[in-house]
Amino acid sequence: MSKDFHDQGPRRVGQVKEVTSLANPIIKDIKALTNKKSREESGTFLAEGLKLVIDAIELGWTIRTLVYAKAAKGKPLVEQMAARTVASGGLVLEVSEKVLASITRRDNPQMVVGIFDQRWKPLRDIRPKEGETWVALDRVRDPGNLGTIIRTADAAGASGVILVGEATDPFSLETVRATMGSVFAVPVARATPEEFIAWRKSAGVSIVATHLAGAVDYRTIDYRKKPVVLLMGNEQSGLPDQLAREADALARIPQQGRADSLNLAVATAVMLFEARRHLLSLPEVK
Ligand code: SAM
């Protein structure tokens, strides 16, 4: 990482820097954020698009750098976000479309990209209350699945997502894209299987695990007794015995046809909306 990227001391504050060279060290550092190692080292990540940047800033996420295309200069919302970035000590870069395309690896890049501090919810701080639903994912591998699940958890009114075991990075470009901005609204925690098992014992939650060999039809479960954690298995191998043993109920979504199983994100959506349906009274028909 170049010194400029992190050392945004008083010298830089208030500056808008014009960059057209792909070889610029700040641009190289931003491009490196497509690698997990660089994201981990810097504790930051990239989000594309003005809407996402606005949502993130509105929700109080710390923006380190705002990058926008020359063509977006003067647009009121872009100027507002640039002003807020500068006011919070961040760096603003005005770049050529070629530079933006190289950052996002897209031919038709978004006009605006933000670099934000990552935020992880510490597992010990999760004390689910009555009526809450959490999702726990065992070794989720696919960024598209994880992003879709975070987006769906947001839409279903779930309280957050816990990544159990070695998981794909919620702050990768692909995952963030798939969340459509919900990564800024849904708390994400991570835990080893052992940490998760220890946590569930003290958290007072009911674990509803899903399994192709589950004994209980998911529609017959009472999701209202305690805060619920929906525990979902890995895409390839499903839920390991170590985690399945922790379940208060092992749920199955009955299927027809020839498919062996549902896609992980689809199964999570089915479970989430069923659990939430039990917890929420029906909205009034207008
Ligand atoms: N081959 C894997 C197996 O044997 O479990 C398939 C895993 S499936 C793609 C990923 C996860 O989605 C499963 O571990 C489970 O949590 C959930 N899932 C998918 N279809 C399901 C169903 N019909 N009933 C319950 N859970 C299901």
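The legends below describe close-up views of a predicted model.

**Figure 1**
The shell around the ligand holds 18 residues. Thr-210, Gly-233, Gln-236, Ile-253 and Gln-255 are the closest. By class, the shell residues divide into 8 nonpolar, 8 polar and 2 charged. The ligand takes up the space of the largest pocket. Two elements give two or more residues to the shell: β12 (249-252) and α11 (264-279).

**Figure 2. Polar atoms facing the ligand.**
Gln-255 contributes a polar side-chain atom, 2.8 Å from a nitrogen atom of the ligand. Gly-233 contributes a polar backbone atom, which lies 2.9 Å from an oxygen atom of the ligand. Leu-262 also uses its backbone: a polar atom there is 3.0 Å from a nitrogen atom of the ligand. Taken alone, the ligand exposes 560 Å². The protein buries 85% of that area.

**Figure 3. The start and the buried residues of helix α2.**
Helix α2 covers residues 25-32. At its start, Asn-24 turns up with a side-chain oxygen within 2.8 Å of the backbone nitrogen of Ile-26. Ile-26 is itself buried. In general, an α-helix has 3.6 residues a turn, so residues three or four places apart point the same way.

**Figure 4. Thr-179 in helix α8.**
Thr-179 belongs to helix α8, which spans residues 173-179. Thr-179 counts as buried because its relative accessibility is 0%, and the cut-off for buried is under 20%. A polar atom of the Thr-179 side chain lies 2.7 Å from the backbone oxygen of Val-176.

**Figure 5. The loop between α8 and β8.**
Two residues of this loop are shown, Met-180 and Ser-182. The loop runs between α8 (173-179) and β8 (188-191). Met-180 has a positive phi of about 55°, although it is not a glycine. Most residues other than glycine have a negative phi. With a relative accessible area of 49%, Met-180 is partly exposed. Ser-182 has 7% relative accessibility and therefore counts as buried. The side chain of Ser-182 makes a polar contact of 2.6 Å with the side chain of Asp-154.

**Figure 6. Ala-155 in helix α7, with Val-186.**
Ala-155 sits in helix α7, residues 143-156. Its relative accessibility is 60%, so Ala-155 counts as exposed. Val-186 is 31 residues away from Ala-155 in sequence. In space, the C-alpha atoms of Ala-155 and Val-186 are 9.9 Å apart.

**Figure 7. Arg-105, a residue with positive phi.**
Arg-105 lies in the loop between α6 (97-104) and β5 (112-117). Phi of Arg-105 is near 55°. That is a positive value in a residue other than glycine. Arg-105 has 61% relative accessibility and so counts as exposed, the cut-off being over 50%.

How values were computed
Residues are numbered from 1 along each chain as its sequence is written. This is a predicted model: local features need pLDDT of at least 70, side-chain atom pairs count only at pLDDT 80 or more; totals for chains, interfaces and linings use all residues. Side-chain values use heavy atoms; hydrogens and water are left out. A residue is near a molecule or strand if one of its heavy atoms lies within 4 Å of it. A polar contact is a pair of N or O atoms within 3.5 Å; within protein, one must be able to donate a hydrogen and the other to accept it, and residues adjacent in sequence count only if both atoms are side-chain atoms. Accessible areas come from the Shrake-Rupley method with a 1.4 Å probe; for residues, only the protein chains shown count as cover. On a 1 Å grid over the protein atoms alone, a cavity is a set of points where a 1.4 Å probe fits but cannot get out, and a pocket is an open set with protein on both sides within 12 Å along at least five of seven lines; lining residues have an atom within 4 Å of a point. A molecule sits in a cavity or pocket if more than half of its atoms lie within 2 Å of its grid points. Helices (H or I, at least four residues) and strands (E, at least two) are DSSP runs, numbered from the N terminus. Ala, Val, Leu, Ile, Met, Phe, Trp, Tyr, Cys and Pro count as nonpolar, Asp, Glu, Lys and Arg as charged, and the others, Gly among them, as polar. Buried means under 20% relative accessible area, exposed over 50%, partly exposed in between (1.4 Å probe, protein chains only).
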